[in-house]
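Me: I've got a new structure to look at. Can you walk me through it in short steps?
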Amino acid sequence: MSETSHGIGGLTFDAKKRAWPNEMNVFIALVAIIAIFELLGQVLPYMNGQSLLFDFNTARDGTILNMVRLKIIILQVSIIGIIAIGSTQVIISGGIDLSPGSVVGLTAMVSMSFAQTALVNGNPNPKAIFGEAFMDLPVIVPIIVALAIGILAGAVNGLLIAYTKIPPFIATLGMMVAARGAAKWWSKGQPISFPTDPFADIGNGLAGWSPVVIFIGLAILFHFVLKYTVYGKHTYAIGSNEDAARMSGIKVDRHKVLVYTIAGMLAGLSALVLASKNLTAQAGMGVMYELDAIAMTVIGGVSLAGGRGSIVGTVLGALIFGVIISGFTYLRLDAYYQEMVKGAIIVAAVVLDQWRRGRAAARG
Amino acid sequence: MSDVQTNLYSTDFSHGAAPSGEVILETRGLTKHYGGVHALQDANFILHKGEHVAIMGDNGAGKSTFVRQITGVETRTRGEVVFDGRPVHFENPMDARDAGIETVFQTLALADQLDVPDNLFLGRELVKFKLGPFSILDYKAMRERTIGALEKTGVKIPNIRGTIERMSGGQRQCVAIARTATFHSKLTIMDEPTAALGVQETAQVENIIRTLKEQGEPLILVSHNMRQVMDLCDRIVVFRRGRICANLDIRAGEISGEDVVAYITGAKTQPEYADAA
Ligand SMILES: Nc1ncnc2c1ncn2[C@@H]1O[C@H](COP(=O)(O)OP(=O)(O)O)[C@@H](O)[C@H]1O
Ligand SMILES: [Mg+2]
C-alpha cells in the first residue's frame, strides 16, 4: 500500500495524517513558562536583570546556558520523574497510585541496609544494621533488594485492585500508610548510612548526572514499551474503555497487576537512586513524591480519566515542574508560595484536561 | 422439545437463495435468570449456514440476553449451545471469537481514544516479534488489513489514524462492524446495529449486511426495524417476555409486517410455542 493517500468508498484519507500532538502544547507551555521567568528577571527591579537559564559569560562553562541551574532543574525532577514514568502508565490505564512515596521510603531503608560498608574511616560502621556477614556486599545485592521490594509492593497493589475490586485510590492509600509504617519499623526510625562506593555511584556517578541518565533511559524504554508493544496498547485500551477491553478478550485483571507492578518497580528504582545520591536512607524519604509525580503526569497531558497521555508528555511535565520550582527560588520567593502555586498548577492542568475531553466529546 | 426441533428442521428452503441445510448454531433450552428475573427461558433456536435470521421483540424481551449467552459474555443458567457441530461453553467473548463468532454488541465495544486499526485489532493485535505481553506491534500490517476490511465492507472513514471519539455514531458503528468482517468468522451477530443511526448510515450498515449475505456468511440480526428485517433476512424469530413465541419464514412473502407485530405484542402465538402465550 502507499502510505500517502487512499480512497475508500469515495473518500480519501492520508495514512500519515495525525492530529496535532498534545505533547506540542505541553512543550509550548514549557517554553512560555521559561519566557515568563526570563521576563520577570528583566523587569523586577530587585532581580538586576538576572536570567533563569542563560549565562552569556561563556568563560564559565563554555556555553550560553547557566549549566549549574540547568543541572539542578533536571536533577531535582529526575528522581521523582522515575516515579512519574510509572504513574503515567497507571493513570493511562484508568487508575491512580498513591503509594510510591512510601514505597520509596521503605525501599531506601531496606536496600541501604544491604549496601553498607563494614569500616568507615577505619572504624566500624556506626549505623550498621546487620552483622559483618552482610557488609560490603556486591552492589547487585541492594539493587535486587530494591527491585524486589518495589515489585512486591506494586504487585500487592495490583492484586488488590484487580481481584478484590477495591478502588485504586483506596488500595494504594493503604499501601501508602503501610509501607511508611514498615519504613519506620525497619530500623526503629534510625537513619541508615555509609554505603559502599559502587552503591554511591548509582546516584552520584557520571559527574553527578547519573540520576538524569537513569531517568531519561527509563523514559525512552517505557516510551517504546507504551507505544510499540501489546502491553502499551492494552494499557490505553483499558483506560479508554474497560468494558470494551474486556469484551475484546483483553485479560484486564492480569494486565492491571502488571501495570501496578511496573509502577512499584519504578518506585523501587527511584528509591535506589535517591538513597545512593544522598548516601543515606531515612524513613521519611519520599513523602509526597507520589503527588509530585501525579502532578508531573497531569501537567504533561495525561488524562486522569484514563486512555490519554504519553511518556514524552510526562517528561515535559516534569521539566515544567522543575522550571517552576527553580524559577521560584531564582525569584527568591518563599517555599510557601512554591507549594501554593504547585497546587494551583495541578488543579489548572486537571481543569484543562476536562475542558479538552468535553470538547472531544462535543465533536464526537 | 423434539417436536419443535422437527418443526424447525422442516423449514422449506425451496425458494430464494437457499441456505444449505447444515446447522451452524443451535440452542436447546437456553435459559438465563438474573436472580428472580427470568430474562431468557428455554430458548430453542436453530441457525443454518448462509442463513440470515432476525430476532425481534419488545424492549426487555430478552434479545440481548440471548446474544450474551451465546457469545460468552455471561454464563447461562442452563441449556445447551451447539456451535459448528459441537457443544460449547465460552468462558468469555474471546473464546467465542476464537471459535468463530463475531459480535457487534448493543453497547459498542470500542476504545474511544484509540484509532481505527487499534480498535479493529483490539485484543488480537498483530505482532512482529513475540515477547509475551511486551510483544512488538506490527502497525503496518494492521493498517493494511484495516484498509482491506474497510474496502470489503464499503465503510467510509475519512482518516483511519484518527481516534474513534472524533467519529460520528455511524462511523463508529461501521468500525465495529468492519471489525467483525476483518476476521473470517463463521457467524456474525449484530445487536441493534442501526438503532442509533441516521438514514444514510443505516443504509451503509445494511449494505454491509447484504455483502455478508452474498458471501454466504450466516447472521443473527437483532433489530426493531421491520422494513430492514423484511429486506435483509430469511427468517424472523420473535421473543416475548424471555421466550421465543414465533419462528417465521419470510422469504415467501406470505407474512406481513402486521403479522409480525401481532406476534411481538402477544396478540398471536404460534401453536408450537403455546407455553410462551
Ligand atoms: N444484568 C442484568 N441483571 C438483571 N436483569 C437484567 C440484566 N440484563 C437484563 N436484565 C433484564 O432481563 C430482561 C431482558 O433484557 P434484554 O435482554 O436486555 O432485553 P432486550 O435486549 O430484548 O431489550 C429485562 O427485563 C432486563 O431488565
Ligand atoms: Mg437489547
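Reply: A term to start with: two strands pair if DSSP finds at least two bridges between them. Also, this is a predicted model.

Me: Okay, strand β3 of chain B and β10(B): in which sense do they pair, and over how many bridges?
Reply: They pair in the parallel sense, over 4 bridges. Strand β3 covers residues 52-57 of chain B.

Me: What about the faces of β10 in chain B, covered or open?
Reply: Both faces are covered. B:Leu219 and B:Leu221 are buried on one side, and B:Ile220 and B:Val222 are buried on the other.

Me: Switching to chain A. How many helices and strands?
Reply: Chain A has 13 helices and 6 strands.

Me: Why does its radius of gyration agree with a compact globule?
Reply: Because a compact globule of 364 residues would have a value near 21 Å, and chain A has 22 Å.

Me: How much of chain A is buried?
Reply: Buried residues make up 52% of its 364 residues.

Me: And its surface, what share belongs to carbon and sulfur atoms?
Reply: That share is 69%, out of about 16100 Å² of accessible surface in chain A.

Me: Last one: how far apart are the mean positions of the positive and negative charges of chain A?
Reply: They are 7 Å apart, for 25 positive and 19 negative charges.

Note on methods: Residues numbered from 1 in each chain as written. Chains lettered and ligands numbered in written order. Predicted model: local features only at pLDDT ≥ 70, side-chain atom pairs only at ≥ 80, totals over all residues. Heavy atoms only, no water. Helix = DSSP H or I, 4+ residues; strand = E, 2+ residues; numbered from the N terminus. Rg over C-alpha atoms; globule rule 2.2 N^0.38 Å. Buried < 20%, exposed > 50% of the residue type's maximum accessible area, 1.4 Å probe, protein only. Areas by Shrake-Rupley, 256 points an atom, 1.4 Å probe, with all protein chains shown as cover. Lys, Arg positive; Asp, Glu negative; His and termini not counted. Charge placed at Lys NZ, Arg CZ, Asp CG, Glu CD.
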